[in-house]
Amino acid sequence: IVHGAGSFGHFHAKKYKISQGVSAHAQSVHGASLCRRSVKLLNQKLLTKLTNAGVPAMTVSPFPSTVTCSDANGRGFSIEEEGSLAAVEKVLSAGYVPLVHGDVILDSTLGHTILSGDTIIEAICSRLHPKRAVFITDVRGVFSRPPSDPKAKLIQTVRIERESGRMRFNPDLGEAIRTETAEHDVTGGIQAKLASAARIVRAEGTTILIGNVTSKTTSDAIGGTATVEGDASSEGNDMNVGGTWLIAEK
């Protein structure tokens, strides 16, 4: 299980420009500490919920053993030392459910930066090669426009050619997807999640569902019983069914 910082950590991350490195703000180091404290508070709440429900969850924190190396212009980075992310497989093998979170991490170029939950999922999938991954949201899936727009259409399936990366949407939109991101979100919102999910599908062949947190489809996908064929035809605004499936094609 991977979760982001949400409203707990993103406000500090934005205020202190943590993703831009130590030199971006006079109090960046202090801000990073505040941000991480907030993320750990959220993580503790989720850990409590999971353990109370009988899930043997164990927190795996990226800081300080996971280190990135940002490029010179700060537009991208590579994971230089996987650290705790590499330990996820060991935690799974021991019978626990790893609970990993987006985090402030050390960066060999910037001093520190933000490692998003989406990037963590990519790193984990590249190691474990899962058949399925589920991205949970507070809306039904990915829409052609912000869900509040009356003209928004639920994208039921996205088929991705693994060689070219070309995407085919169902329904065919005939236009670019329009999204919006919460003001405090420094990790890209749904657009970043869609891009991250697409990279996983293309690289690993993993089938991915982006679905609502309360929906039966999401629960079934986590349990391994939901099928793309069973949901692709779902229509209407019922939050309990359907979602957006991303599927690999040769």
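**Close-up 1. Strands β1 and β5 run side by side in this predicted model.** Start with β1 and its neighbour β5, which covers residues 97-101; the two pair in the parallel sense, and two bridges join them. As a reminder, strands of a sheet pair through backbone hydrogen bonds, either parallel or antiparallel.

**Close-up 2. Helices α1 and α2 pack against each other.** Two packed helices are described by the angle between their axes and the distance between the axes. For α1 (residues 6-15) and α2, the angle is about 170° and the axes are 8 Å apart. On the α1 side, the contact is made by Phe8, Gly9, His12 and Ala13. From α2 come Gly31, Leu34, Cys35, Ser38, Val39, Leu41, Leu42 and Lys45. Sort the residues of this contact by type and you have seven nonpolar, four polar and one charged.

**Close-up 3. Ser70 reaches Asp107 through its side chain.** You'll find Ser70 in strand β3, which spans residues 67-70. Is Ser70 buried or exposed? Its relative accessible area is 6%, so Ser70 counts as buried, the cut-off being under 20%. The side chain of Ser70 makes a polar contact with the side chain of Asp107, at 2.9 Å.

**Close-up 4. Ile120 is a buried residue in helix α4.** Helix α4 takes in residues 117-128, and Ile120 is part of it. With a relative accessible area of 0%, Ile120 is buried. What does Ile120 touch, leaving out residues up to four places away in sequence? The list is Val2, Pro62, Leu85, Val100, His101, Gly102 and Leu115.

**Close-up 5. Five strands build an open sheet with mixed pairing.** Trace the strands in the order β8-β11-β12-β9-β10. The edges are β8 (132-137) and β10 (167-170), and each pairs on one side only. From one strand to the next, the twist averages 15°. Inside the sheet, β9 (residues 157-161) and β12 (residues 244-249) run parallel and are joined by five bridges. Thr157 stands opposite Trp245 in β12.

**Close-up 6. Strand β8 has one covered face and one uncovered face.** In a regular strand the side chains alternate between the two faces of the sheet. In β8, the covered face has Ala133, Phe135 and Thr137, while Arg132, Val134 and Ile136 are on the uncovered one. Helix α6, residues 216-223, lies across β8, β11 (207-212) and β12, and runs at about 150° to β8. Six bridges pair β8 with β11 in the parallel sense. Where does Thr137 find its bridge partner in β11? At Asn212.

How values were computed:
Residues numbered from 1 in each chain as written. Predicted model: local features only at pLDDT ≥ 70, side-chain atom pairs only at ≥ 80, totals over all residues. Heavy atoms only, no water. Pairing = 2+ DSSP bridges. Helix = DSSP H or I, 4+ residues; strand = E, 2+ residues; numbered from the N terminus. Axes fitted to C-alpha atoms, helices over the stretch in contact; angles between N-to-C directions. Contact = heavy atoms within 4.5 Å. Nonpolar A, V, L, I, M, F, W, Y, C, P; charged D, E, K, R; others polar. Buried < 20%, exposed > 50% of the residue type's maximum accessible area, 1.4 Å probe, protein only. Polar contact = N/O pair within 3.5 Å; in protein donor to acceptor, adjacent residues only side chain to side chain.
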